[in-house]
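Thanks for coming. Please have the sequence and the structure open while I talk.

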Amino acid sequence: MTPIVEFNNIAHRFGTQQVLGGLNLALPRGETTAVVGTSGSGKSTLLGLINGLLYPSEGQMRVFGAPVPYTTLTEFRRRIGYAVQGTGLFPHLSVADNISLMARLTGWSRTATVSRVAELMDLMALEETLASRFPHELSGGQQQRAGICRAVMLKPELLLLDEPFSGVDPLTRADIHARFQELSGRAVSSAVLVTHDMAEAVALASYLVVLQEGQVAQAGRSDLVLAQPANDYVAQLMASARV
Amino acid sequence: MFRALAIGTLVWVAGCGAAATAQPIVVGSKSFTESYLLGEIMAQLLEARGFAVERRFGFGGTLICFQALTAGEIDVYPEYTGTISEAILKTGAPLARRELVERLAELSLTPLSELGFNNTYAMTVRSATARQLKLRTITDLVNHPELKLGLSHEFRDRADGWPALKRAYGLPQQAAGIEHGLAYQALAEGKIDLTDAYSTDGELLRYPVTVLQDDRGYFPVYRALPLARSDLPTAAAAALDELADRLDDDAMRALNARVVLGQNSFAAVAADFLAAAGLTAGPAVNESGLWPTLSRNIVAHIQLTLIALSLACLAGLTLAVLVYRSEALSRVVLYVAGLLQTIPSIALLALLIPLAGVGQKPAIIALFLYSLLPIVRNAITALITIDPLLRRVAAALGMTQWQQLRHVFFPLALPHVLAGVRIAAVVSIGTATLAAFIGAGGLGEPIVTGLALNDTSLILQGAIPAALLALATELMFEIIERWLIPAHLTAGRATL
């Protein structure tokens with residue numbers, strides 16, 4: 001089976017500063033991949049390269065088995081869900097409008113839209129009464145779940161998550177994790193999760209990419225990386241996962 | 001806002017249509033008492049002879065009025081021979097009647113028969129001062145450099161006015177500018193010692209002032225006449241020629257005094273004069289009352305600001321959307337809009353006359369230019385300060401550029417954008433009062449007339465409704481904001 005995302009000798013620079021270099025990766029289809037590493041290791045940049053928010057300085061990106069279509073990104077991005085730290089919910093739209101915005105813009109019928117929103121809110125344990133609220137009226141955890149609902153509204157083939165679970169208390173976080181696992185079983189097949197939390201990575205992902213200063217320190221199945229860290233940096237990171 | 005735009009366009013189109021169907025004779029005047037009065041006399045006489053007449057009174061200065069005439073915005077207005085020679089044709093010397101006719105014919109203009117009086121400049125001092133300093137002639141001023149001169153702006157600046165007078169007599173004083181309508185009061189209250197007056201001013205009968213003798217015969221002769229376009233219908237020209245030599249200096253001064261001192265309306269004084277002169281059957285004054293005049297002015301005022309504001313919204317927002325992504329372009333646009341803002345409004349209006357004529361068009365253009373800055377500035381600022389995270393998310397969700405703008409950026413920018421439009425609207429309502437100087441009508445009309453007559457109640461007839469209109473606009477925007485913007489997004493709104 002072709003990988004869902006392929007990095008072929010990818011480098012990315014901001015000005016003269018190299019953020020990522022010499023990346024070769026094949027992320028498995030139908031699974032959740034976690035990208036981990038210390039801050040500044042290039043995790044978010046890697047995610048931005050996948051949906052074309054960033055353009056690689058070198059190398060070729062392949063997503064869904066084909067090169068990223070930089071001239072038709074709109075269509076392409078609608079096949080990819082995106083949820084982000086701080087949720088990025090639009091403050092002027094109600095929760096339901098945030099979740100359903102893209103469905104309305106892509107011509108979904110009203111009934112299909114309404115039932116999909118209800119289904120997702122139910123799945124992420126968001127009460128119906130929250131639908132008409134504005135984002136700022138929700139708790140942090142509720143906002144993040146709403147952000148995930150929005151990301152998966154169009155039934156994306158690939159879901160990108162940029163630290164979407166950070167910034168909430170541990171109990172809420174555990175709850176969101178459970179919801180997410182339920183979701184990834186039913187609504188999403190492939191996902192790429194960027195996180196600085198090793199425990200979260202190991203709990204949610206079956207495949208791990210460990211970044212170290214813009215390079216891949218190790219990539220492989222989670223249990224394998226846990227059992228046989230490639231170097232001290234990976235070993236130290238993995239140790240934090242067991243706490 | 002789109003609805004307002006549509007209504008504005010409709011009003012405009014309707015206005016243009018109405019103007020095109022009727023072809024009345026348009027009588028103009030400058031913004032001082034005698035000019036209004038002569039304009040009204042001409043208008044009533046034409047009406048009595050069966051012509052449809054439109055009055056466009058109160059143009060702010062000779063050149064504006066003359067431009068209006070050559071541009072065909074007005075058909076005839078009262079002018080003075082000296083002014084035609086010196087200020088319009090710039091001949092440097094007074095022209096004989098025959099030369100005047102020839103030179104004006106080149107411009108497709110015709111001077112009709114002179115009305116009889118000579119309204120020349122008269123240097124005027126308080127009678128008490130004159131007695132005290134033994135001032136009788138202009139030459140006597142040479143020994144009193146301490147006298148404070150407050151001269152009308154036009155006189156102070158025209159070549160045949162103060163600069164030449166100062167040279168001719170060797171006068172040592174410096175001159176400040178003052179609105180002519182306010183000069184007598186300033187003189188009486190001792191704020192200034194000397195001002196230029198017109199020899200037929202009604203105020204000369206009201207205040208204890210003395211006219212200094214022009215002992216060197218410096219001032220040219222300013223004989224009043226209707227200055228008309230050559231395409232004025234012959235019958236209309238013949239009607240106005242009936243006024244020939246009907247008014248001498250004393251008669252004109254007395255008529256002016258009836259307006260200024262007796263608080264009679266131009267229309268009433270004009271009607272009485274025409275009847276007394278046997279030119280009309282009797283005083284049939286179709287004077288419009290306070291309310292019709294007021295409502296006409298308010299409608300004209302709203303029309304001016306609404307059209308200008310709608311166009312500025314359209315252009316300003318389009319411009320902001322086009323340039324906000326580029327910092328350099330945004331800077332250029334804001335700089336240019338800011339530059340426009342620094343041009344004094346009355347100067348901008350005057351500058352626009354050669355390009356757009358007089359009346360509503362240049363006024364709308366000027367108001368449009370002034371409205372641009374607050375609208376563009378607020379829109380650009382709002383667009384560039386949108387949270388980068390929301391920008392990234394909007395793109396990542398797969399929205400097109402237009403969808404991002406329509407569904408995310410614009411709604412988020414709306415509070416700022418509306419605040420900008422609100423500022424533009426309120427400022428426009430104020431600035432639009434100046435548009436009366438170029439014949440655009442509106443609430444500036446009673447203000448300009450009131451200034452000319454030094455009539456506070458008339459000034460207030462323009463100033464109070466303008467202030468109320470500004471307040472109502474504030475209120476309306478308050479309601480629009482409440483209606484369009486969720487409460488939590490207005491929390492940081494700047495209160496004016």
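**Two helices in chain B, and what surrounds them**

I start with a crossing: in chain B, helix α14 passes helix α16 in a left-handed crossing. Before going on, one caution: this is a predicted model.

Two packed helices are described by the angle between their axes and the distance between the axes. For α14(B), which covers residues 327–342, and α16(B), the angle is about 150° and the axes are 8 Å apart. An angle over 145 degrees counts as roughly antiparallel, and α14(B) and α16(B) are therefore roughly antiparallel to each other.

Which residues of α14(B) and α16(B) meet? From α14(B) they are Ser330(B), Val333(B), Leu334(B), Ala337(B), Gly338(B), Leu340(B) and Gln341(B). From α16(B) they are Leu369(B), Tyr370(B), Leu372(B), Leu373(B), Val376(B), Arg377(B) and Ile380(B). Sorted by class, this contact of α14(B) with α16(B) has ten nonpolar residues, three polar and one charged. As for spacing, an α-helix has 3.6 residues a turn, so residues three or four places apart point the same way.

Now the core. The largest nonpolar core has 193 residues. Which helix gives the most to the core? That is α16(B), residues 360–384, with 14 residues.

Take Leu304(B) as an example. Leaving aside neighbours within four places in sequence, Leu304(B) is in contact with Gln360(B), Ala363(B), Ile364(B) and Leu367(B), and also with Ala432(B), Ala435(B), Ala440(B) and Gly442(B). There is also a second, separate core, of 26 residues, which includes Ala122(B), Leu141(B), Leu149(B) and Ala183(B).

Some totals for chain B. Chain B has 20 helices and ten strands. Of its 496 residues, 46% count as buried. The C-alpha atoms fill a box of roughly 85 × 55 × 40 Å along the principal axes. Among contacts in chain B with a separation of 6 or more, 78% join residues 24 or more positions apart.

One more helix in chain B is α12, residues 266–276. Its buried residues are Phe266(B), Ala267(B), Val269(B), Ala270(B), Ala271(B), Phe273(B) and Leu274(B). What covers them includes α2 (33–48) and α11 (249–260) of chain B. After α12(B) comes Gly278(B), with a positive phi near 75°.

Next, the contact between the chains. It takes 18 residues from chain B and 17 residues from chain A. On the chain B side, α17 (388–396) and α18 (401–431) are the elements that give two or more residues. Of these, α17(B) gives the most, with six residues. The chain B side divides into twelve nonpolar, five polar and one charged residues.

Leu489(B) is in the segment after α20 (456–484) of chain B. Leaving aside neighbours within four places in sequence, Leu489(B) is in contact with Pro91(A), His92(A) and Pro415(B). The C-alpha atoms of Leu489(B) and Leu414(B) are separated by 9.4 Å, and the two residues are 75 residues apart along the chain. Is Leu489(B) buried, exposed or partly exposed? With 18 other C-beta atoms within 10 Å, Leu489(B) is partly exposed.

Helices α3(A), residues 95–105, and α5(A), residues 140–152, have axes that come within 7 Å and cross at roughly 20°. That is why α3(A) and α5(A) are roughly parallel to each other. The crossing of α3(A) past α5(A) is right-handed. Val95(A), Asn98(A) and Ile99(A) in α3(A) meet Ala146(A), Cys149(A) and Arg150(A) in α5(A). That contact has four nonpolar residues, one polar and one charged.

Last, two backbone angles. Glu213(A) is not a glycine, yet its phi is positive, near 50°. Glu213(A) lies in the loop between β9 (207–212) and β10 (215–221) of chain A, and counts as partly exposed because it has 15 C-beta neighbours inside 10 Å. Lys90(B), also not a glycine, has a positive phi of about 50°. Lys90(B) is in the loop between α4 (81–88) and α5 (97–106) of chain B, and counts as exposed because it has 10 C-beta neighbours inside 10 Å.

How values were computed
Residues numbered from 1 in each chain as written. Chains lettered and ligands numbered in written order. Predicted model: local features only at pLDDT ≥ 70, side-chain atom pairs only at ≥ 80, totals over all residues. Core = buried A, V, L, I, M, F, W, Y, C linked by C-beta atoms within 7 Å. Buried ≥ 20, exposed ≤ 12 C-beta atoms within 10 Å, placed from the backbone. Helix = DSSP H or I, 4+ residues; strand = E, 2+ residues; numbered from the N terminus. Contact = placed C-beta atoms within 7 Å. Axes fitted to C-alpha atoms, helices over the stretch in contact; angles between N-to-C directions. Parallel < 35°, antiparallel > 145°, perpendicular 65-115°, else oblique. Left-handed = near helix turned anticlockwise from the far one by under 90°. Nonpolar A, V, L, I, M, F, W, Y, C, P; charged D, E, K, R; others polar.
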